[in-house]
Amino acid sequence: MNVYILGIESSCDDTSAAVLLNNQLLSNEIANQALHAKYGGVVPEWASRAHLQNMIPVVDTALQKANISISDISAIAFTAGPGLLGSLLVGHSFAKAAAYALGIPLIGVDHLQAHILSHFIKNEKNTYPKFPFLCLLVSGGHTQIMRVNHFFDMKIIGTTIDDAAGETFDKAAKILGFPYPGGPLIDTCAKEGNPHAFVFNQANIAAYDYSFSGLKTSFLYFLRDQLKNNPNFIQENKANLCASIQHAICNSLMRKLIKAADDLNIQEIAIAGGVSANSALQERLKSIALKKNWNIYIPPLQLSTDNAAMIGIVGYYKFLHKDFSSINVIPFTRNKF
Ligand code: KG4
Ligand code: ZN
């Protein structure tokens, strides 16, 4: 049976539409909203307005690139939550109206589950995580270690008690004078720097949980003190500062992931979410995998940050289970796990 899924993602500031034929990705269109860059973060009201403008053109392009018509679509999968309410409502309204008009099933998808299950989109090597696996989910709003027992059976075993890893990258970047989102810019600038040039406080809290607020404060206070003596300190040390804060974040992330994998005796390890695009995190994961004999799964760049392909793959598996949503489904803004 050929199942064509139209996936829709609008939880934050990216408007995205994708078409999948079963587990195979045919198109994945993303409209980024550059308008937030100079404000140091996403402005929710502008994000929803931009989704309204972008939604129809993005869906049209995704259908054209997949070379199919909307009448070929078997079901519409959309991000039900978590995310910004106004942004989610645009995707909800589009998906409900289109599914109703076409008389096809509507499938609400959890954004975090989608980041994790993006690893099941068909790839060239046909290699997919084997259950049970651990997934380090690191994005702008979330930092979690998940134990994934099956497609829809997953459990948080560690989480951040304050800031997310992506948020920490973005806040450090803002302090250094980079526009939003600064995570990728820190990654690029860090390539010229020494990760051991400066040492920042890394939290050491219980079990598999994370905390990044102390690291952020230690970075801020360190710079405040240095700038008193030398107003050009940031300009003169930018690459070393980027490399050192990146090292501290990645080190914290990996320490707990290693502990979880050792304790639970799991060697299938995936990473997902925007921060999984970080080159230092990927290098660290690869070198530890060699030592620990892990099988690792790193998403390609277009599937690491927010995208509708990951919504579509969850839609496909839910379609097979006939797990459909009612037209009365409402957005949820907080994590459900
Ligand atoms: O998953 P995502 O696109 O959106 C959320 O669901 O939050 O993640 C966005 C986050 C931002 O904080 C961004 O700075 C970070 O991912 N990010 C990176 C990199 N690429 C994206 N952080 C560090 N290094 C990168 N290369
Ligand atoms: Zn995300």
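## Salt bridges and the domain interface

Across the interface of domain 1 and domain 2, zero salt bridges are found, a salt bridge being a side-chain nitrogen of Lys or Arg within 4 Å of a carboxyl oxygen of Asp or Glu. The model is predicted, so that local features need pLDDT of at least 70 and side-chain atom pairs count only at pLDDT 80 or more, while totals for chains, interfaces and linings use all residues. Side-chain values use heavy atoms, without hydrogens and water, and residues are numbered from 1 along each chain as its sequence is written.

Domain 1 comprises 4-119 + 303-320 and domain 2 comprises 129-299, with bounds from an automatic or database domain assignment. Between them the two domains bury about 1,800 Å², 78% of it on carbon and sulfur atoms; buried area is the accessible area (1.4 Å probe) that two parts lose on being put together, summed over both. Of the area that domain 1 buries against domain 2, Ile116, His119 and Ser304 supply 37%, more than any other three residues.

## Salt bridges in the structure

The structure holds eleven salt bridges. One of them joins the side chains of Lys65 and Glu29 at 2.7 Å, N to O; because Lys65 lies in helix H1 and Glu29 in strand E3 (residues 24-31), the pair ties together parts that are 36 residues apart in sequence. Helices (H or I, at least four residues) and strands (E, at least two) are DSSP runs, numbered from the N terminus.

Lys65 is exposed, with a relative accessible area of 54%, whereas Glu29 is buried at 18% (buried is under 20%, exposed over 50%, partly exposed in between, with a 1.4 Å probe and protein chains only).

Key: Chains lettered and ligands numbered in written order.
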